[in-house]
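This report covers one protein chain and its ligands.

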Amino acid sequence: MAISVDAAIDIISNIKLKLKFEIIAIEEAQNRICAQEVIATSSLPKFDNSAMDGYAIIYSDKNNELEVIDTIFAGDDNHTILKENTCIKIMTGARVPKNTTAIIPKEDIQTISDKKIKILENVKEFQHIRFIGEDIRSGEKLIDIGDELNFAKITLLASQGISHIKVYKKPKIVVFSSGEELKLHYEKIQDHQIYNSNTPTLFARVKELGCDVTFIGQAKDTIEDIKRLVLNSLDADLIVTSGGVSVGDADFTRDAFNELDFETLIDGIMIKPGKPTIFGKIDNTFILNLPGNPLASALIFELFGKILIQKLLGSNEVHPAYIETKISEDFKTRKGRITIIPGTFNGVSFYVSKKRSPGMVSILADCNSLIILDESVEYLKKDSKVKILPINWKFFSKEKKDFLSNE
Ligand SMILES: Nc1nc2c(c(=O)[nH]1)N[C@H]1C(S)=C(S)[C@@H](COP(=O)(O)OP(=O)(O)OC[C@H]3O[C@@H](n4cnc5c(N)ncnc54)[C@H](O)[C@@H]3O)O[C@H]1N2
Ligand code: MOO
């Protein structure tokens, strides 16, 4: 029996998993999920240092002529300290002498003689000193279990001298389709046949989301053939298949799964499109059977499949987050079931896709987000608030946008 959207999301978000991990070099770690806590073992900066090329001084000497008694470069292990009315020439990044209370940028001094300078500008106590630990404190948690590693997290690792990191293994996903009418995109087709667009779509999507993915072919519309493909894939973490879930005379996936000790977790979701979605498990392999209709299949994957992938990746972020915006024009829909509406968010408003039929293939190519409308919604007035779920976060535009003004 079909269950509510909320119940389906809860089932997927609460699946229990034993994830495997591996140790990899940090250069290879982008988009991987961290399987260990990383605690800072050294403060950054490691020592008080100069933020400018200039002179280290004692603040109370700021109005006096100062004698230059030494020069310190970044990386020097210099232990000279300042005396009254002296200064030390210092480079950006160099450790400051212990009793320094201000750095004077080179541009702000006047050279009086070879070893004498005078300060021309106002000085603030402690100016241009970068203090130990102001960036990272030793003992501070830098990365948590389940955090996604990106360039910025890799910065943290490298700055601590960490060369290798424990990450969860990429989930192994197997994709296949069923349907006698389907041919692969590199095959010749006849007039009564269509190209299998779902499998390459899902293959690409799970790969984009950080999984290892294998395509194992197409099942004929027979229980035996579907069983054969499933049995071949039980080393995977997840099988994603599409088609064959409805009530037609050639829809056999449910029967095939049931002959293989399938534990049904979801059999239908009260959503449009994509109601006939099946999710369950054989041994340790999850199976997500999406509807055959291409848009239905892709949208259900965007809403539910992505949560599942976040779980399988080991991410600690499994709940879809939204952006609040407004709808670009009046919008009418049929109430009665929660509906996934694809469209485009241009940074200001959400534009509903004009075409939305579940059997279409062309729609998502022009969309970057979804809204999920409650079953009671029949009409949204222009500028009504909507919550969008982004499909893609890389946010660029074909037109030049003014992101510099704050109006
Ligand atoms: N009597 C009823 N008929 C249907 C119902 C229903 O409740 N009662 N539900 C409809 C809904 S909603 C959906 S969704 C589909 C789901 O059907 P299946 O998952 O069994 O999918 P198929 O019948 O195999 O195919 C549906 C449609 O999609 C095309 N398709 C299938 N696989 C692919 C693929 N890999 N690439 C591209 N296109 C694909 C297929 O040719 C069909 O046109 O059932 C409705 N019927
Ligand atoms: O719900 Mo079906 O998935 O519309 O085409």
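## Cis peptide bonds

P45 sits in the loop between strand 2 (38-39) and strand 3 (49-50). Strands here are DSSP runs of E with at least two residues, helices are runs of H or I with at least four residues, and both are numbered from the N terminus. The peptide bond from L44 to P45 is cis, and its omega is near -10°.

This is a predicted model, in which local features need pLDDT of at least 70, side-chain atom pairs count only at pLDDT 80 or more, and totals for chains, interfaces and linings use all residues. Residues are numbered from 1 along each chain as its sequence is written, while chains are lettered from A and ligands numbered from 1 in the order in which they are written.

A cis bond also runs from K272 to P273, with omega near -10°. P273 belongs to the loop between strand 19 (271-272) and strand 20 (278-282).

N31 is not a glycine, yet its phi is positive, near 70°. It lies in the loop between strand 1 (21-25) and strand 2. N31 is partly exposed, because 13 other C-beta atoms lie within 10 Å. The scale uses C-beta atoms placed from the backbone: 20 or more others within 10 Å means buried, 12 or fewer means exposed, and partly exposed is in between.

D383 is another non-glycine residue with positive phi, about 75°. The loop between strand 27 (379-380) and strand 28 (385-390) holds D383. D383 has 13 C-beta neighbours inside 10 Å, so it counts as partly exposed.

Six strands form an open sheet: 6 strands in the order 7-4-6-5-9-8, with mixed pairing. Pairing requires at least two bridges found by DSSP between the two strands. Strand 7 (102-105) and strand 8 (109-113) are the edges, each pairing on one side only. From one strand to the next the twist averages 40°. Angles run from 0 to 180 degrees between N-to-C directions, with axes as lines fitted to C-alpha atoms.

Strand 8 pairs with strand 9 (residues 116-119) in the antiparallel sense, over 4 bridges. T111 has I117 in strand 9 as its bridge partner.

## Ligand surroundings

Ligand 1 has 27 residues around it, and the closest are N198, G243, S246, P291 and G292. Helix 3 (198-208) and helix 6 (294-313) are the elements that give two or more residues to this shell. A residue is counted when its C-beta atom, placed from the backbone, lies within 6 Å of the molecule. The shell around ligand 1 has 10 nonpolar, 14 polar and 3 charged residues. Ala, Val, Leu, Ile, Met, Phe, Trp, Tyr, Cys and Pro are nonpolar; Asp, Glu, Lys and Arg are charged; the others, Gly among them, are polar.

Around ligand 2 lie K272, P273, G274, K275, P291, N293, A296 and P358. That shell divides into 4 nonpolar, 2 polar and 2 charged residues.

## Overall dimensions

The protein chain has 6 helices and 28 strands. Its C-alpha trace spans about 95 × 50 × 40 Å along the principal axes. The radius of gyration is 30 Å, whereas a compact globule of 407 residues would have one near 22 Å. The radius is taken over C-alpha atoms, and the globule rule is 2.2 Å times the number of residues to the power 0.38.

Buried residues account for 33% of the 407 residues. Of contacts between residues at least 6 apart in sequence, 69% join residues at least 24 apart. A contact needs C-beta atoms, placed from the backbone, within 7 Å.

How values were computed
Two residues are in contact if their C-beta atoms, placed from the backbone, lie within 7 Å.
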